[in-house]
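Me: Can you walk me through this structure with a few questions and answers?

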Amino acid sequence: MKAVAVFPAHREVKLIEQEEPVITQSHHVKLHLLEVGICGTDKEICSFAYGTPPAGADFLVIGHEALGEVMEVGDAVTRFVPGDLVVPTVRRPCTHELCRSCRAGHQDFCETEDFTERGIKGAHGYLAEFVVDEDQYMNPVPQHLREIAVLVEPLTIAEKAEYQLYTLMQRRPPWIDPALSERTQGRGHTALVLGAGPVGLLGAMALQAREFETFVYSRGQMPNPQSEVAQAIGATYFSSQVVSPSQLVAHIGPIDLVYEAVGHSQFMFEVLRVLGPNGIYVLTGIPGWQTLIEADLATLFREMVLKNQVMLGTVNAGPHDFRAAVADLEIFNQRWPDAVRALLAERTPIEQATDRILGRPVGIKNVISFQH
Ligand code: BGC
C-alpha cells in the first residue's frame with residue numbers, strides 16, 4: 001500500500017510502499033483512509049523542524065487529521081461495524097503510572113511529555129491507504145458529514161479552547177443574563193480571531209455559533225477566499241495591512257477574547273497589548289524559532305494584573321473535544337453549508353501529496369484524498 005513518509009536523517013519526504021497492516025488484537029480496527037488534511041504541523045515535519053519517527057524507525061508516516069472508514073474489527077470491538085466513519089484521536093498516553101492526566105484518559109494534558117502523537121511524535125500517522133488502530137481512540141462520525149468530516153480534528157483545537165474558556169468565564173458576572181443585557185444595551189462579548197487559516201476560521205465559526213461578536217484578523221487584503229468565508233458566517237474581517245493592531249480597539253471596542261491561530265510571535269505579542277479589561281487571550285498556534293522580540297514586559301505584566309487578564313496556551317484535544325467537534329460540525333453544516341465547503345476547495349490524490357505539502361498551498365485547507 002502507499003504511504004507518505006518523512007526520513008529526517010536523509011532530509012527526504014516521499015511516497016513509500018508498505019505492507020498492508022493486519023488486525024492482530026481483539027480490540028483493533030482496520031481502517032481504509034478516505035481523507036487526510038494537511039496543516040502547518042505537517043509542513044514543519046516535512047521541513048525537518050518538528051516530528052519524531054517511532055523508536056527504532058528511520059522514517060515517520062505523517063498525517064494526523066484523518067477520516068477513515070472501518071473495514072474490519074477485532075473480536076472484542078462492539079462500538080463499530082464495517083462501513084462506519086471514524087476520526088482518530090491524535091495523541092496517545094504516556095506509560096508513567098504517576099501521570100494523572102494520562103491515567104485518567106486525558107493525554108491531551110499529559111504531565112510527562114512522553115506521550116506519542118500519531119503522525120507527529122513517536123508513532124506513524126494516517127497518510128497511508130490502510131491503518132490498524134485501537135478501537136478506544138476512534139471517534140464516530142455520522143455518514144452525512146462524510147464530505148466535511150476531515151475538519152473534525154482541526155476543529156477540536158477550538159473545542160478544547162472553548163471548553164476551558166467557559167471555566168474561565170465563570171470568574172466574571174454571568175455573560176448571558178437578559179436583565180444585565182438590557183442595562184448594558186445588549187452589549188455582547190467580542191472575540192478577535194487571529195489568522196484566517198482553517199483553525200482560525202473553524203474557531204470563528206464556533207465563536208459565531210456561541211453568539212460572540214466575531215472579528216477575523218489576518219494579513220490578506222479583502223476580498224480573498226478567507227475573508228469571504230468570514231463574511232459568510234457573519235464575522236467581520238480586518239486585514240492587518242489595512243488596520244494595525246493598535247487601531248483595532250477603535251474599530252471593535254474592548255476585546256474580550258482573542259483566539260490566536262497564526263503562530264507568529266511578533267503578531268501574537270502586538271495583539272496581546274490591545275486585549276481589553278478582563279480579557280482572555282487563547283494561544284493555539286505553535287510559533288517556530290523566530291528572531292528575538294523586543295518587548296516592554298514590565299508594562300505588559302503591569303497591564304495584565306491591572307486588567308485581570310488571562311493568557312491561556314492550549315494544544316491537542318481530549319475525548320470530549322472530539323465529540324463537541326462532531327456536534328459543532330453538524331451545526332455549521334446546517335447554518336453555513338457553503339462556507340464550510342469553501343474551506344475544502346480542492347482535494348489532492350496521494351500520488352501528488354508530497355508536492356502539495358511542500359509546494360504552495362491551494363485553497364484554505366489542503367486535503368489528500370484516497371480513491372478506493
Ligand atoms: C495537532 C495536535 C498536536 C499538535 C502538536 C497539531 O497540529 O493538531 O494534535 O498536539 O500539532 O504536535
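Predicted model: local features only at pLDDT ≥ 70, side-chain atom pairs only at ≥ 80, totals over all residues.

Me: How much of the ligand's accessible area does the protein cover?
Reply: Start with a polar contact (a pair of N or O atoms within 3.5 Å): a polar side-chain atom of Thr41 lies 2.6 Å from an oxygen atom of the ligand. Tyr50 also brings a polar side-chain atom, 2.9 Å from a ligand oxygen. On its own the ligand has 310 Å² of accessible area (Shrake-Rupley method, 1.4 Å probe), and the protein's cover comes to 92%.

Me: Which face-forming residues of helix H6 are buried?
Reply: H6 spans residues 225-232, and helices here are DSSP runs of H or I with at least four residues. Buried means under 20% relative accessible area, with a 1.4 Å probe and protein chains only. Down the axis, the buried residues fall within an arc of 155° (taken from the axis to the C-beta atoms), so they line one face of H6. They are Ser227, Val229 and Ala230.

Me: Which residue caps the N-terminal end of H6?
Reply: Look for a side-chain oxygen that lies 3.0 Å from the backbone nitrogen of Gln226. That oxygen belongs to Asn224.

Note on methods:
Residues numbered from 1 in each chain as written. Heavy atoms only, no water. Polar contact = N/O pair within 3.5 Å; in protein donor to acceptor, adjacent residues only side chain to side chain. Buried < 20%, exposed > 50% of the residue type's maximum accessible area, 1.4 Å probe, protein only. Helix = DSSP H or I, 4+ residues; strand = E, 2+ residues; numbered from the N terminus.
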